[in-house]
Amino acid sequence: MIKEYLEIGKITSTHGIKGEVRVQPWCDSPEFMKKFKTFYLDKNGEKPVKVSCRPNGNMVIMKAEGIETVEEASRYREKVLYMKRS
């Protein structure tokens, strides 16, 4: 059976004070993650989150909609992000 949602990276830490996080990409390159506007916080696609991404060396800085503070962002440390295969 082919998975519909694929692991794309892992949130490793917060970045700055405005709710951004650092993501370790598990895909081709940090540039690849810029193409997506929605990631998922579960492997079944039930927890979508709208995002904007920018490369930062070999990592990605990601801003998720609705997360505005470093405290809110820190709750997502060590979470795996998923993308929809299609």
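I began with the contacts, meaning heavy atoms within 4.5 Å: among those in the protein between residues at least 6 apart in sequence, 60% join residues at least 24 apart.

I noted that this is a predicted model, in which local features need pLDDT of at least 70 and side-chain atom pairs count only at pLDDT 80 or more, while totals for chains, interfaces and linings use all residues. Residues are numbered from 1 along each chain as its sequence is written, and side-chain values use heavy atoms, with hydrogens and water left out.

**Overall form**

I looked up the radius of gyration, which is taken over C-alpha atoms; the globule rule is 2.2 Å times the number of residues to the power 0.38. A compact globule of 86 residues would have a value near 12 Å, and the protein has 12 Å, so the two agree. I recorded that 35% of the 86 residues are buried, that is, under 20% relative accessible area with a 1.4 Å probe, protein chains only.

**Strands and helices**

I found two helices and six strands, which are DSSP runs numbered from the N terminus (helices: H or I, at least four residues; strands: E, at least two). Along the sequence I read the pattern β-β-α-β-β-β-α-β.

I then examined strand pairing, for which DSSP must find at least two bridges between two strands. Strand 3 and strand 4 (residues 48-56) run antiparallel and are joined by three bridges; Tyr-40 has Pro-48 in strand 4 as its bridge partner. Strand 4 also pairs with strand 5 (residues 59-64), in the antiparallel sense, over six bridges. There I noted Met-62 in strand 5 as the bridge partner of Cys-53. These two strands form a hairpin with two residues between them, and Gly-57 in the turn has a positive phi of about 70 degrees.

**Aromatic rings**

How many aromatic pairs does the structure hold? I counted three; rings of Phe, Tyr and Trp (its six-membered ring) pair if their centres lie within 6.5 Å, and planes under 30 degrees apart count as stacked, over 60 as edge-to-face and the rest as tilted.

Tyr-5 lies in strand 1 (residues 5-15) and Tyr-40 in strand 3 (residues 38-40), so the pair ties together parts 35 residues apart in sequence. I found both Tyr-5 and Tyr-40 buried.

Phe-36 and Phe-39 make a tilted pair, with 5.8 Å centre to centre and 40 degrees between the planes. Phe-39 is buried, at a relative accessible area of 0%. Finally, I noted that Phe-32, Phe-36 and Phe-39 form one aromatic cluster.

How values were computed
Buried < 20%, exposed > 50% of the residue type's maximum accessible area, 1.4 Å probe, protein only.
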